[in-house]
Amino acid sequence: MSTPEDPQPTVSQFAENYAAKAGLHRSSNGNIDVLKSAGGVQGLAESILPGLVFLIVFTATRELTPALVAALAVAAVFTVARLVQRKPLTQALAGIVGVGLSAWLANSTGKAEDFYVLGFFTNIGYILAMTISIAVRWPVAGLLFGFIRNEGLDWRKHPARVKAYRIGTWVIISVLALRLLVQVPLYLMGEPGLAGLATTRLIMGAPLYLLGMWVAWLLTRPAPAPADGTAQPN
């Protein structure tokens, strides 16, 4: 029986909830289901279309206000659609809040490129959090994948598994860092770099992130059990 001083149940519950909220799913063949983890086609559309519509309208009109209104309208449509479909609102609400903040920033500064600046701070926050998770031996990849693989937190007892999940977390961090390396210089170019910034934001958004998650999943697979059932050392 755990005591009030034993943090393990609390940590375990937090990790399980974190994995569940991340929305990762496993396919029938045992691999991560990339499309379903992104929320399906609708989830991908929710993450891509507001930014794409913003770019198209701004390019066509050269006016900031219509572009911001159009992006917000698209995010609102997805939120209403989820209400009608009685689907979880978490992703849609997060999307419309993010688009709203991005629109506010761009409108406040009068610079179209500032519509995308919020993503830089989000990436930096994730990079810092994941780097800290590695330093304290709670790599995020382990928290995400451990419960999907029915490992719970037992992977922390085996140095080989901790190392694997550290590598997996570094893969995800690399994806986030690559976004900054490519997109920040385009942002600093101002309006001339807007088309490139918007395009790379679309390409390096959900599609690249999910590719990174898939690679991390493959790199952190447990070693197959030997045929004779003898346990392999970790």
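Lys111 is partly exposed, with a relative accessibility of 44%; here buried stands for under 20% relative accessible area, exposed for over 50%, and partly exposed for what falls in between, using a 1.4 Å probe and protein chains only. Lys111 sits in the loop between α5 and α6. Helices are DSSP runs of H or I with at least four residues, strands are E runs of at least two, and both are numbered from the N terminus.

Leaving out neighbours within four places in sequence, Lys111 is in contact with Leu64 and Ala106, where contact means heavy atoms within 4.5 Å. Lys111 and Leu194 are 83 residues apart along the chain, and 10.0 Å separates their C-alpha atoms.

## What kind of model this is

This is a predicted model, in which local features need pLDDT of at least 70 and side-chain atom pairs count only at pLDDT 80 or more, while totals for chains, interfaces and linings use all residues. Residues are numbered from 1 along each chain as its sequence is written, and side-chain values use heavy atoms, with hydrogens and water left out.

## The chain as a whole

The chain holds 10 helices and zero strands. Of its 234 residues, 38% are buried. Among contacts with a separation of 6 or more, 64% join residues 24 or more positions apart.

## The nonpolar core

In soluble globular proteins, nonpolar side chains tend to be buried together. The largest nonpolar core in this chain has 42 residues, and those with the most contacts inside it are Phe54, Leu64, Leu68, Phe115, Tyr116 and Phe145. A nonpolar core is a set of buried Ala, Val, Leu, Ile, Met, Phe, Trp, Tyr and Cys residues joined through side-chain atoms within 4.5 Å. At least two residues of this core come from each of α3 (40-61), α4 (64-85), α5 (90-109), α6 (117-135), α7 (140-146), α8 (159-188), α9 (194-203) and α10 (206-219). With eight residues, α8 gives the most to this core.

Setting aside residues up to four places away in sequence, Tyr116 touches Gly51, Phe54, Leu55, Leu194, Leu197, Ala198 and Arg201.

## Two partners of α8

Two packed helices are described by the angle between their axes and the distance between the axes. Axes are lines fitted to C-alpha atoms, for helices over the stretch in contact, and angles run from 0 to 180 degrees between N-to-C directions. Angles under 35 degrees count as roughly parallel, over 145 as roughly antiparallel, 65 to 115 as roughly perpendicular and the rest as oblique. A crossing is left-handed if the near helix is turned anticlockwise from the far one by less than a right angle, and right-handed if clockwise.

Let's take α9 to begin with. α8 and α9 pack at about 155°, with axes 8 Å apart, and are therefore roughly antiparallel to each other. Their crossing is left-handed. Val182, Gln183, Leu186 and Tyr187 of α8 meet Gly196, Leu197, Thr200 and Arg201 of α9. For α6 and α8, the angle is about 155° and the axes are 9 Å apart, so this pair is roughly antiparallel. α6 passes α8 in a left-handed crossing. Residues making that contact include Phe120, Ile124, Ile127 and Met130 of α6, and Trp170, Ile173, Leu176 and Leu180 of α8.

## Single residues worth a look

Arg82 has its place in helix α4 and is buried, with a relative accessible area of 7%. Between the C-alpha atoms of Arg82 and Leu93, 11 residues apart along the chain, the separation is 9.6 Å. Pro222 lies in the segment after α10 and is partly exposed at 41% relative accessible area. Not counting residues up to four places away in sequence, Pro222 touches Arg149, Glu151 and Arg161.

Most residues other than glycine have a negative phi. Arg62, in the loop between α3 and α4, has a positive phi near 60° and is partly exposed, at 46% relative accessible area. Asn150 has a positive phi of about 60° although it is not a glycine. Asn150 is found in the loop between α7 and α8 and is exposed, at 69% relative accessibility.
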